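Here is a short report on one protein model.

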Amino acid sequence: MAPAQGRLSDDADDRSGAENNSAPPAFRQAVEALCSARLRPEVEVDPTRPPQRLAPYAYALEAAVVQGDEDLADGRLVLLHDPAGHDAWHGTFRLVTLVRAELEPEMAADPLLPEVSWSWLTGALEARGLSYAEASGTVTRAGSHYFGGLADRRPATQIEIRASWTPREGRGGVPDTAAHLAAWCDLLAQIAGLPPEPGHGPGSVDAGAGAGAGVVSLPQRRGPQAP
């Protein structure tokens, strides 16, 4: 496994929405945990500019599941922090994500795809023993058909998961962001069609009793094909 790329550096104000030395200690600790997390090697993670108006403090990572020369899935994870708390969050931290991948035709046609995709998210969190609240989101399936000069391309279907949840805060009011990032990478790997790591991931037999309850596996996809 490799550590997540990025750190809270001198230009952190460009990514966190605050001056480096003015960010609350809880937020700084949460960001440092994100940057030091050990992740599976297929997932490449880098910092990116976060949204500026969702919370007083924010930090964002973008990631891709890479196998060979193919990007099988990609996504973005944003950590939000409001020291004053947020009524809708029921906490001071919030995680927001976008995950997307191209699907094989047999997966795209499955009527249970939205429910299964959502179970991958909740199952990834539960498989790592993470407590969370106020989870919400959408699962979108979009198809593309090509015509004219692009008619030689095969039809494509993309799945997109947009979600947010409130991580349970631990000592000092800091959530275990490294574990949440690892669970999020499990989700990326799952939607990319990779097998779970031993002991982790939705449906893992070593994840603990009930960790993968209700999670249904779809056939593994082969990944996006070049047109």
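## Helix H4 and its surroundings

Helix H4 covers residues 113-127, 15 residues in total, and spans 20 Å from its first C-alpha to its last, close to the 21 Å expected at 1.5 Å a residue. That expected span is 1.5 Å times one less than the number of residues. Helices (H or I, at least four residues) and strands (E, at least two) are DSSP runs, numbered from the N terminus.

This is a predicted model, in which local features need pLDDT of at least 70 and side-chain atom pairs count only at pLDDT 80 or more, while totals for chains, interfaces and linings use all residues. Residues are numbered from 1 along each chain as its sequence is written, and side-chain values use heavy atoms, with hydrogens and water left out.

H4 is mostly covered, with 11 of its 15 residues buried. Buried means under 20% relative accessible area, exposed over 50%, and partly exposed in between (1.4 Å probe, protein chains only). Among the buried residues of H4 are Leu-113, Val-116, Trp-120, Leu-121 and Leu-125. Just after H4, Gly-129 takes a positive phi of about 70 degrees.

Which residues does Leu-121 contact, leaving aside neighbours within four places in sequence? They are Ala-163, Trp-165 and Leu-187. Contact means heavy atoms within 4.5 Å. Leu-121 and Ile-191 lie 70 residues apart in sequence, and their C-alpha atoms are 9.7 Å apart in space.

| Residue | Relative accessible area |
|---|---|
| Leu-121 | 4% |
| Cys-35 | 8% |
| Cys-185 | 2% |

Cys-35 belongs to helix H2, where Ala-26, Phe-27, Ala-30, Val-31 and Leu-34 are also buried. H2 has 12 residues and reaches 16 Å from first C-alpha to last, close to the 16 Å expected at 1.5 Å a residue. The structure holds 0 disulfides; a disulfide is a pair of cysteine sulfur atoms within 2.5 Å.

## The whole chain

The protein chain has 5 helices and 8 strands. Along the sequence, they follow the pattern β-α-α-β-β-β-β-β-α-α-β-β-α. Of the 227 residues, 48% count as buried. Among contacts with a separation of 6 or more, 68% join residues 24 or more positions apart.

In soluble globular proteins, nonpolar side chains tend to be buried together. Here, the largest nonpolar core has 48 residues, and Leu-181 and Trp-184 touch the most other members. Such a core is a set of buried Ala, Val, Leu, Ile, Met, Phe, Trp, Tyr and Cys residues joined through side-chain atoms within 4.5 Å. Elements giving two or more residues to this core include H2, H4, strand S8 (156-167) and helix H5 (177-192). H5 supplies the largest share, 10 residues. A second, separate core of 6 residues includes Ala-55, Val-78, Leu-80 and Trp-89.

## Confidence

pLDDT is the predictor's confidence in each residue, from 0 to 100. The mean for the protein chain is 79, and 75% of its residues reach 70 or more. Over residues 5-19, pLDDT stays under 50, and the model has 42 contacts for them beyond four places in sequence. Residues 203-227 also have pLDDT below 50, with 53 contacts in the model beyond near neighbours in sequence. Where pLDDT is low, the predicted coordinates should not be read in detail.
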